[in-house]
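Please examine the sequence and the three-dimensional model shown below.

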Amino acid sequence: MDEAPWEILETRTLSEDPVRIVHERLRTHTGALLDYYYQPRRLRVVFALPLTSHGTALLIRQYRHPTRRRLVEVPAGKVDPGESLEAAVRRELKEEIGAEVGELVRFPAFYPQPSFNAAVFHPFLALDAQVVAPPELEGGELIEPLELPLTEVYALLDRGGIEDASTALTLFYARPWLVARGLLNPRP
């Protein structure tokens, strides 16, 4: 792990609920003073592209208040303490779209916004998805299930219709895997 090259002079907690936000006064490697605001918690989040056996993707259209819009996304959610990534994927798919899945294919993890938080996102492909029950949404979730042919999902991605970055990256990671197995045609 890299050594932190900046000296922390002062730390203040600005908010604890619902998210911890801190302000730190730092001295950088050049000696400059810097005020930095961020979420220090190292949250783990899973994202999954669920595919049915008949070549459709089970996505969601979710209202995201900061954007004031409904965005097309892959199902996602926080990993609970002590929970494995795979168990979190299966739980989130059951909660958000009422689906059970077979094999899970894991892709490289990434930091979605390392300038503001230490969250790590873990994208997956979830094969043989099938809806077995109604979704079990949390009180603040406004989610509409959306089943689309896989080719239509990638056409939407290619024309800029997937605006959620984590969903886009999950789809980009999954594309070579899907093409290699004949589940998606290569791009022209």
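**The second largest pocket**

How much space lies in the second largest pocket? About 660 Å³ of space lies there; a volume is the space filled by probe spheres set on grid points joined across faces, edges and corners. A pocket is an open set of points on a 1 Å grid over the protein atoms alone, where a 1.4 Å probe fits, with protein on both sides within 12 Å along at least five of seven lines, and lining residues have an atom within 4 Å of a point.

Twenty residues line the second largest pocket, and Ala4, Trp6, Tyr36, Tyr38 and Pro114 lie nearest its centre.

**Basis of the model**

This is a predicted model, in which local features need pLDDT of at least 70 and side-chain atom pairs count only at pLDDT 80 or more, while totals for chains, interfaces and linings use all residues. Residues are numbered from 1 along each chain as its sequence is written, and side-chain values use heavy atoms, leaving out hydrogens and water.

**The largest pocket**

The largest pocket has a volume of about 1500 Å³. Its lining comprises 40 residues, of which Leu43, Val45, Arg64, Lys78 and Phe121 lie nearest the centre.

**Pro123**

Pro123 is buried, with a relative accessible area of 0% (buried means under 20%, with a 1.4 Å probe and protein chains only). Pro123 and Tyr173 are 50 residues apart in sequence, yet their C-alpha atoms are 8.1 Å apart in space. Tyr173 is also among the residues that Pro123 touches, as are Phe47, Val105 and Thr170, not counting residues up to four places away in sequence; contact means heavy atoms within 4.5 Å.

Definitions and conventions:
Buried means under 20% relative accessible area, exposed over 50%, partly exposed in between (1.4 Å probe, protein chains only).
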